[in-house]
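Below are some notes to read alongside the coordinates, arranged as numbered points.

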Amino acid sequence: MIPVRVVRLSLVLGFAALVPSLFVLVAGQSPWRVLTTLVLYAFGPQGRSEVLLHAIPLTLIGLGVAFALRAGLFNIGGDGQLVAGAIVAVFFAPYFAGWGIAGLIAFLIFGFVGGAALGAFVGYLRERFNASEIIVTIMLNYVAVQMVSYLIRGPIADPMPFWPRSYPIPPDCVLPVIVSGTRLHAGLIVALVMVIVFAVVQRQTVLGFQSSVFGANPGAATYAGFRVKALTIVVMAISGGLGGLAGAVEVGGVYQRIVENMGEGFGLAAIAVALIARLEPVAIPFAACLFGIFFAGAGALQRELALPFPLVWIVEATVIFMVSALHWALPSRTAEA
Amino acid sequence: MDPLLLAGILAAGIRLGMAIGLSAIGESAAERSGVFNIGIEGVMLSAAFVAAWGSVRTGSPWLGIAFAMLIGLLLAAFHALMVLVLGVNQFISGIGMVIFGLGFSSFAARLTIGAKPTSVPGLPPIDLGPLSHFPVIGPIFFGQSPLAYIALALAVATGWVINRTALGLEIRACGESVEVAHALAIPVKARQTACILFGGITAGLGGAYLSVVQVHAFVEGMVAGRGFLAVACVMLGRKRPLIAFLASLGFGLAEATQIRLQTLYPGLPYQFLVILPYLAAIVALVIGHRNVARAA
């Protein structure tokens, strides 16, 4: 007799391999070639840094998504919070000119604050009016995209606009490239510091403990006398803040200004990242690298095999389904997500 | 205000709200039975593409709509499998569905009918002769797409089934208390599966409406949050199909108004108008809660 778990696990993994392969086959390509192209690119000299480059915002937003999800809150607003952080940071950036390293830190903090303000707003609506944070964060994503579209054509437009984009940030706010000849910037360090911070917050602090209890059993959290309402706002603010920080890091490290459609899709991918990492801060950078491979490799797939970029989203969805079905396949694992 | 202008906005509002409304009907049934499908957005996207592809391929918009209902059914069946059989968190499965819809529709569109909008054989509005051309009320009540009348009938019928029939009582029991439903020997998962599948079909119709009736083309990401607005409408209507449907028309009206305002005030940055329906959804959720509190 084959054990049930083995059967179930093979079903889940088989499904996960089958779905993207089917789409690749329909597009007239071999799934094997897709896999080898991805791996060769991702571990190649140029691909390596691009994978890490994409993993930076995914790690930051993923940490935020995981932090909220631990508390039972779904933050699907990563895209909007990223934009909010970028807007606030870029808006104040000119004041930081000449501050040196302090300017860079201030720039990043303002990014965090921008995203946190948006997140806190969502948390407030949730605790005060019981407005679904899922719907509100999604709606704010659409609002944020339009606000960027307006701002980069008006109030913060580039003085010499070749195409719609904001003015450049002062050099003090730029995250330097850390590996010469690549685009890989010091945001990587920011992301790793945040991973450590949140691993500590999650395990060692009252906030981490209370939010985990609240997520596992809101009734128990209330009964235990936690300030549940404040907790909702604080958790959403921190979660949004990480999205905002990702926005500032993207501006400071990659674009040096706000551009249209910046960071689009990272918010949704970060949900997959958080789930794969099972909401564990330390595991998030690794999950983010996996998606970094998909994002960075999608370009290679498009160039070499003429496979359209949205294949990434199909893979993303498959991974989400696969990881969440693992609870069913391996029931003894503790169910967190 | 000019009555003709008002009538124009009303007629357009109904037209623009219909895709949300169709999806909201089935989602009300699903949520009434106790299962959310926040993946409606992804189902609509997939359906919008499949409907466009089907009508381009076969030349028949009705066949395209049938394909869209089929893909809606399939995706909903997958959601039911994940949630009811594998015990996956319904919100996570829903988010997966959203992302899948985004990927599937854009990927398949680029490979088949092209990423650029291709003209799709569309469904024209009904023409009842003088009735449809009657000033002011003609275009509002007698000049909509056939799907709009089907939607209204569906909303009424769904509400009737849920509120007035034995089956509806069972569905509501599943949503209110699984334990009680089990005690009454109601096949909970069968009822919930049926409601989720019904939700998939109406979301399929909603997506098809968008590409085949409203725009006559498939554009990547064209659902643009309407699936989530449908979920918001169900929250607003407190899971009552007809009210959720009418709330959707309210969002259609907001959309029609903002488009009209764009032409009336070209000096105003259009982005501030585009966001109105999304902000309206947030405001509606907040106000909706206050009504609940007062009723309680």
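**Notes on the two-chain model**

1. Let me begin where the chains meet: 38 residues of chain A are in contact with 37 residues of chain B. On the chain A side, the elements that contribute two or more residues are helix 5 (101-129), helix 6 (133-151), helix 11 (266-276) and helix 13 (311-329) of chain A. Sorted by class, that side of chain A has 30 nonpolar residues, seven polar and one charged. Please keep in mind throughout that this is a predicted model.

2. The crossing of helix 5 of chain A and helix 10 of chain A is right-handed. Their contact is made up of 20 nonpolar, 13 polar and three charged residues.

3. Helix 5 of chain A also packs with helix 6 of chain A, where the axes come within 9 Å and cross at roughly 145°. This crossing, too, is right-handed. From helix 5 of chain A come A:Leu118, A:Val122, A:Leu125 and A:Arg126, and they meet A:Glu133, A:Val136, A:Thr137 and A:Leu140 in helix 6 of chain A. By class, the contact of helix 5 with helix 6 of chain A holds five nonpolar residues, one polar and two charged.

4. Setting aside residues up to four places away in sequence, A:Gly114 touches A:Ala84, A:Gly85, A:Ile87, A:Val88, A:Ala89 and A:Gly244. A:Ala86 is 28 residues from A:Gly114 in sequence, and the two are 7.6 Å apart in space, C-alpha to C-alpha.

5. A:Leu82 is buried, with 37 other C-beta atoms within 10 Å. Not counting residues up to four places away in sequence, A:Leu82 has contacts that include A:Pro57, A:Ile61, A:Gly115, A:Glu250 and A:Phe266. Several glycines also touch A:Leu82, among them A:Gly243, A:Gly244, A:Gly247, A:Gly263 and A:Gly267. A:Leu82 and A:Val251 are 169 residues apart in sequence and 10.0 Å apart in space, C-alpha to C-alpha.

6. Next, the nonpolar core. The largest one has 226 residues, of which A:Val273, A:Ala274, B:Ala48, B:Ala232 and B:Cys233 touch the most other members. Helix 3 (residues 45-70) of chain A gives the most to this core, with 14 residues. Beyond its neighbours within four places in sequence, B:Cys233 is in contact with B:Ile20, B:Ala24, B:Ala244, B:Ala247, B:Ser248 and B:Phe251.

7. Turning to chain B, where does helix 1 (residues 3-32) of chain B bend? The bend is at B:Met18 and amounts to about 45°. Helix 1 of chain B is largely enclosed by the rest of the structure, because 23 of its 30 residues are buried. After helix 1 of chain B comes B:Gly34, with a positive phi near 105°.

8. Which residues of helix 8 (residues 166-176) of chain B are buried? They are B:Ile171, B:Ala173, B:Cys174 and B:Gly175. The cover over these buried residues includes helix 1, helix 7 (146-164), helix 9 (178-183) and helix 10 (188-215) of chain B.

9. A:Asn261 has a positive phi of about 60° although it is not a glycine, and its place is in the loop between helix 10 and helix 11 of chain A. A:Asn261 is exposed, with 11 other C-beta atoms within 10 Å. In chain B, B:Lys239 has a positive phi of about 65° and is not a glycine either. B:Lys239 is found in the loop between helix 11 (226-236) and helix 12 (241-264) of chain B. B:Lys239 counts as partly exposed, with 19 C-beta neighbours inside 10 Å.

Note on methods
Residues numbered from 1 in each chain as written. Chains lettered and ligands numbered in written order. Predicted model: local features only at pLDDT ≥ 70, side-chain atom pairs only at ≥ 80, totals over all residues. Contact = placed C-beta atoms within 7 Å. Helix = DSSP H or I, 4+ residues; strand = E, 2+ residues; numbered from the N terminus. Nonpolar A, V, L, I, M, F, W, Y, C, P; charged D, E, K, R; others polar. Left-handed = near helix turned anticlockwise from the far one by under 90°. Bend = angle between axes of the 7 residues up to and from the residue. Buried ≥ 20, exposed ≤ 12 C-beta atoms within 10 Å, placed from the backbone. Core = buried A, V, L, I, M, F, W, Y, C linked by C-beta atoms within 7 Å. Axes fitted to C-alpha atoms, helices over the stretch in contact; angles between N-to-C directions.
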